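Below is a briefing on one protein chain, grouped by topic. It covers the overall fold, the core, selected residues and the backbone.

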Amino acid sequence: MTVDIGSKFRVGARLFIAGRLKLLPHSFYVNLQKGKAIYPHPVIPLHLNPRFLYGTSAPYVVMNCWNNGVWSHEERHQGHLSWMPGRDFLLTIRCEYEGYTIWLGNKMIGEFKHRLQSSIADTLRISGDVVLYQLSMSYA
């Protein structure tokens, strides 16, 4: 799913993603990106990629950005992740002064410092093992 959000993703913006994980999830991603294109690869100020493993491995979230034709240094966040297959969730991305904060329900699950200007993001792209119910934005 690709949604035009305008050039409004700046400090104070809140993006709310309500959905449900599919029954056997592997991963999904949320990109705040410049433009709707998949190719050539768009500039991505925030790539958020929850990954779900089975067995003794816990789920984790990868955060990164894409600029000048390459991925930057990947950050992995673990712990306090209450993702459950087949269950509803509310994911919130907050654009703060120094970076993005990522919330699952009412728990912050990670931070990602700005590496690119957040205001260049005009498109939200979501793909993977998730069913979306609702997307909304607000401004503080």
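**A buried glutamine, and its setting**

Gln-33 counts as buried, at 1% relative accessibility (buried is under 20% relative accessible area, exposed over 50%, partly exposed in between, with a 1.4 Å probe and protein chains only). The model is predicted: local features need pLDDT of at least 70, side-chain atom pairs count only at pLDDT 80 or more, and totals for chains, interfaces and linings use all residues. Residues are numbered from 1 along each chain as its sequence is written, and side-chain values use heavy atoms, with hydrogens and water left out.

**Gln-33**
- Gln-33 is part of strand β3, residues 28-33 (strands are DSSP runs of E with at least two residues, helices runs of H or I with at least four, numbered from the N terminus).
- Its side chain reaches the backbone oxygen of Gly-35 at 2.9 Å; a polar contact is a pair of N or O atoms within 3.5 Å, where within protein one must be able to donate a hydrogen and the other to accept it, and residues adjacent in sequence count only if both atoms are side-chain atoms.
- Leaving out residues up to four places away in sequence, Gln-33 touches Pro-42, Val-43, Ile-44, Pro-45, Ile-120, Ala-121, Asp-122, Thr-123 and Arg-125 (contact means heavy atoms within 4.5 Å).

**Overall fold**
- The chain has 12 strands and zero helices.
- Its radius of gyration is 14 Å, which agrees with the value near 14 Å for a compact globule of 140 residues (taken over C-alpha atoms; the globule rule is 2.2 Å times the number of residues to the power 0.38).
- Along the principal axes, the C-alpha atoms fill a box of roughly 40 × 30 × 25 Å.
- Of the 140 residues, 41% count as buried.
- The accessible surface is about 7,600 Å², and 54% of it belongs to carbon and sulfur atoms (Shrake-Rupley method, 1.4 Å probe; for residues, only the protein chains shown count as cover).
- Among contacts with a separation of 6 or more, 64% are between residues 24 or more positions apart.

**Nonpolar core**
- The largest nonpolar core has 31 residues, of which Leu-32, Trp-83 and Ile-93 touch the most other members (a core is a set of buried Ala, Val, Leu, Ile, Met, Phe, Trp, Tyr and Cys residues joined through side-chain atoms within 4.5 Å).
- Elements giving two or more residues to this core include β2 (13-21), β4 (44-51), β8 (88-95) and β10 (107-113).
- Among the residues that Ile-93 touches are Phe-9, Leu-32, Leu-48 and Tyr-100.

**Val-61**
- Val-61, in strand β5 (residues 60-67), is buried with a relative accessible area of 1%.
- Its contacts beyond four places in sequence include Leu-48, His-77, Trp-83 and Ile-109.
- Val-61 and Gly-110 are 49 residues apart in sequence, and their C-alpha atoms are 8.1 Å apart.

**Cysteines**
- The count of disulfides is zero, where a disulfide is a pair of cysteine sulfur atoms within 2.5 Å.
- Cys-65 is in no disulfide, and the nearest cysteine sulfur, that of Cys-95, is 14 Å away.
- Cys-65 is buried at 4% relative accessibility, and Cys-95 is buried at 0%.

**Backbone**
- Most residues other than glycine have a negative phi, and most peptide bonds are trans.
- Tyr-39 and Pro-40 are joined by a cis peptide bond, with omega about 0 degrees; Pro-40 lies in the loop between β3 and β4.
- Asn-68 has a positive phi, near 55 degrees.
- Asn-68 lies in the loop between β5 and β6 (70-71) and is exposed, with a relative accessible area of 73%.
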